[in-house]
Amino acid sequence: MYTVPMTIPQYCNKCPFGRCNYSFPFGSGTVSSIDGKENRSGTYGYVCNVELHKRKRYTKVIRADCGKDIEKPDWCGLKEVKQSFA
């Protein structure tokens, strides 16, 4: 778990730990060397630097259609912590 002094982003593409892996708004897609799935035309994908730090490599690409936000997955390592100032 990582603690950051901010509101946890609800979208990977708006998270400071997310990194764009590919963007194919036009043209043909390719096969990802990270997860072996197709990077389709009209989509984009992000990888998570929290996962990179934890596993020492990327294992997942989170994808969405171009123009749409990427919803935060259930496996996201960022958790909200309630701070108490005593």
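**View 1. Ser32 in the loop between strands E2 and E3.** Ser32 sits in the loop that joins strand E2 (30–31) to strand E3 (38–39); strands (E, at least two residues) and helices (H or I, at least four) are DSSP runs, numbered from the N terminus. The model is predicted, so local features need pLDDT of at least 70 and side-chain atom pairs count only at pLDDT 80 or more, while totals for chains, interfaces and linings use all residues. Residues are numbered from 1 along each chain as its sequence is written, and side-chain values use heavy atoms, with hydrogens and water left out. Ser32 counts as buried because its relative accessibility is 7%; buried means under 20% relative accessible area, exposed over 50%, and partly exposed in between (1.4 Å probe, protein chains only). The side chain of Ser32 reaches the backbone nitrogen of Ile34 at 3.0 Å. Neighbours within four places in sequence aside, Ser32 is in contact with Lys37, Asn39, Val61 and Arg63, where contact means heavy atoms within 4.5 Å.

**View 2. Thr43 in strand E4.** Thr43 belongs to strand E4 and, at 2% relative accessibility, counts as buried. Its side chain reaches the backbone oxygen of Arg40 at 2.5 Å. With neighbours within four places in sequence left out, the residues in contact with Thr43 are Tyr22, Ser23, Phe24, Pro25, Ala64, Asp65 and Cys66. Thr43 and Lys68 are 25 residues apart in sequence, and their C-alpha atoms are 9.1 Å apart in space.

**View 3. The pairing of strands E4 and E5.** Strand E4 (residues 43–48) pairs with E5 in the antiparallel sense over four bridges; two strands pair if DSSP finds at least two bridges between them. Tyr44 stands opposite Ala64 in E5, and Gly45 has Arg63 as its bridge partner in that strand. Side chains alternate along strand E5 (residues 62–65).

**View 4. The open sheet of three strands.** The strands of this open sheet have the order E1-E4-E5, with antiparallel pairing. Strand E1 (18–24) and E5 are the edge strands, each pairing on one side only. From one strand to the next the twist averages 25°; axes are lines fitted to C-alpha atoms (for helices over the stretch in contact), and angles run from 0 to 180 degrees between N-to-C directions.

View 5. The volume of the largest cavity is about 120 Å³, and the count comes to one cavity of 30 Å³ or more. A cavity is a set of points, on a 1 Å grid over the protein atoms alone, where a 1.4 Å probe fits but cannot get out; lining residues have an atom within 4 Å of a point. Grid points are joined across faces, edges and corners, and a volume is the space filled by probe spheres set on the points. The lining of the largest cavity has 15 residues, of which Cys12, Cys15, Cys48, Lys72 and Cys76 lie nearest its centre.

**View 6. The protein chain as a setting for the close-ups.** The secondary structure comes to one helix and five strands, in the pattern β-β-β-β-α-β along the sequence. Of the 86 residues in the protein chain, 28% are buried.

Definitions and conventions: Polar contact = N/O pair within 3.5 Å; in protein donor to acceptor, adjacent residues only side chain to side chain. 1 Å grid on protein atoms, 1.4 Å probe; cavity = no way out; pocket = protein on both sides within 12 Å on 5 of 7 lines; lining within 4 Å.
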